[in-house]
Amino acid sequence: MANRLLTKTTLVTGAAQGIGAAIARAFVAEGAFVYVTDLNDELGHAVAAQLGDRARYLHLDVRDEDQWQQVTQQLLAERGRLDVLVNNAGITGFEQGVVAHDPEHARLADWQAVHRTNLDGVFLGCKYGIRAMRPAGAGSIINISSRSGLVGIPGAAAYAASKAAVRNHSKTVALYCAEQGLAIRCNSIHPAAVLTPMWEPMLGNGPDREARMAALVRDTPLRRFGQPEEVAALALLLASDEATYMTGSELNLDGGLLAGSAVTPAVADES
């Protein structure tokens, strides 16, 4: 199918690279107008330029309520409506180097920094997304959570807790909108290891890069990283009118990781 998002106005946070950029590309390819938002103005402008006249870049720090107000007001003034919001912006807490993020040694400031982006940013996005969609009475809010929001991660406690909260808040938003008589849907996507720039510091460019990649997905049944485009395909479904009865759902995209014990590929019997 083509033009699945024709006439829809969409906003994607954290869209300067990785999963956010892939979602923006997929939306434009299906006819949407996309507001590419991020903190990285240089990369954000570049993505919007690549997407052509159906995209525009706006600076947005998802932690800042004033900026959410400004961006949604500008969007409504220019386009008249918001149909799809993707709350994708997120951090791991390791962007500036390795610091303690386990439950015993993590600093409160580091814990709070992760939650300000990953959870407060989603809360604010949902708040202003609902308000922008309310006049039309319909829309789709897609929150990017994580496989880490479904299981414990001893070395990344803040990240796991924030993503678990995103999962639950998505359900609350879905129920609230239904209670309000609004056809505004809210769902969460839970990717596992998706090959984005976030992984580069751990992978490096040395001769052992492939071995490092294999080790990191050793316990994933499909034995590989996911691709940003695979997350974008799922976001596209949730954004489209094909999923108008789906709200409050969580969709896992993890190569089979949460299905159970990792499987060992069968070896053909050559006898």
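This is a predicted model: local features need pLDDT of at least 70, side-chain atom pairs count only at pLDDT 80 or more; totals for chains, interfaces and linings use all residues.

Let me start with helix H2, residues 41-51, whose buried residues are Gly44, Val47, Ala48 and Leu51; buried means under 20% relative accessible area, exposed over 50%, and partly exposed in between, with a 1.4 Å probe and protein chains only. These residues lie on the same side of H2 because they cover an arc of only 95° around the axis, the arc being that of the directions from the helix axis to the C-beta atoms.

Residues are numbered from 1 along each chain as its sequence is written, and side-chain values use heavy atoms, with hydrogens and water left out. Helices (H or I, at least four residues) and strands (E, at least two) are DSSP runs, numbered from the N terminus.

On the other side of H2, Glu42, Ala49 and Gln50 are exposed, whereas the cover over its buried residues includes helix H1 (18-29), strand S2 (33-38) and strand S3 (55-59). Just after H2, Gly52 adopts a positive phi of about 85°.

Now to Val231, which is found in helix H8, residues 228-239, and which counts as buried because its relative accessibility is 0%. Leaving aside residues up to four places away in sequence, Val231 touches Ile19, Ile189, Pro191, Val194 and Leu253, where contact means heavy atoms within 4.5 Å. Val194 is 37 residues from Val231 along the chain, and their C-alpha atoms are separated by 8.4 Å.
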